[in-house]
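Thanks for coming, everyone; today I would like to walk slowly through one structure with you, looking at its pockets and then at its nonpolar cores. Please keep the picture in view while I talk.

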Amino acid sequence: MENSLAVTEQKTVEFYGDELTAARIGDDIFVSVRHLCDALGLDRASQARRMRRDEILTDGYKGGVMVTSPGGQQSTGMLRVDLVPFWLAKVDVSRVREDIKP
């Protein structure tokens, strides 16, 4: 876990009808990988591994970020928001939920 990552602000944002957790960490905005994957029907663990292995995405992926959820504090992986389009472009469409493929 990366305990040095302090969330200074957290919000819930809408993403194509789904809710995502976004957080400010330092000067950057990050989005919950869990919520991104759940919205698209992707396996979270596989996507987090892909992000950590990718030469570009690894710089914007932060694991072990503590966010507030309805159940209390929760550790989650976060991706810097400017890298979300790059990550999405690399997602294999055949792995996305059927109802959102179009």
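In this predicted model, the second largest pocket has a lining of 15 residues, and those nearest its centre are Thr 21, Arg 34, His 35, Ser 69 and Pro 70. The space in this pocket comes to about 200 Å³, and if you ask which elements build its lining, at least two residues each come from strand 1 (7–15), strand 2 (18–25), helix 1 (33–40), strand 4 (61–69) and strand 5 (72–80). Sorted by class, that lining holds nine polar, three nonpolar and three charged residues.

Let us turn to the largest pocket, whose volume is about 300 Å³. It is lined by 13 residues, and Phe 15, Tyr 16, Leu 40, Val 96 and Ile 100 are the closest to its centre. Here the lining is made up of ten nonpolar and three charged residues, with no polar ones.

In soluble globular proteins, nonpolar side chains tend to be buried together. The largest nonpolar core in this model contains 19 residues, and Leu 36, Leu 42, Met 51, Leu 79 and Trp 87 have the most contacts inside it. Helix 1, helix 2 (44–53) and helix 4 (84–89) each give at least two residues to this core, and helix 1 contributes the most, with five. If you look at Trp 87 and leave aside residues up to four places away in sequence, you will find that it touches several residues, including Leu 36, Leu 42, Met 51 and Leu 79. Finally, there is a second, separate core of six residues, among them Ile 25, Phe 30, Val 67 and Met 78.

Definitions and conventions
Residues numbered from 1 in each chain as written. Predicted model: local features only at pLDDT ≥ 70, side-chain atom pairs only at ≥ 80, totals over all residues. Heavy atoms only, no water. 1 Å grid on protein atoms, 1.4 Å probe; cavity = no way out; pocket = protein on both sides within 12 Å on 5 of 7 lines; lining within 4 Å. Points joined across faces, edges and corners; volume = space filled by probe spheres on them. Nonpolar A, V, L, I, M, F, W, Y, C, P; charged D, E, K, R; others polar. Helix = DSSP H or I, 4+ residues; strand = E, 2+ residues; numbered from the N terminus. Core = buried A, V, L, I, M, F, W, Y, C linked by side-chain atoms within 4.5 Å. Buried < 20%, exposed > 50% of the residue type's maximum accessible area, 1.4 Å probe, protein only. Contact = heavy atoms within 4.5 Å.
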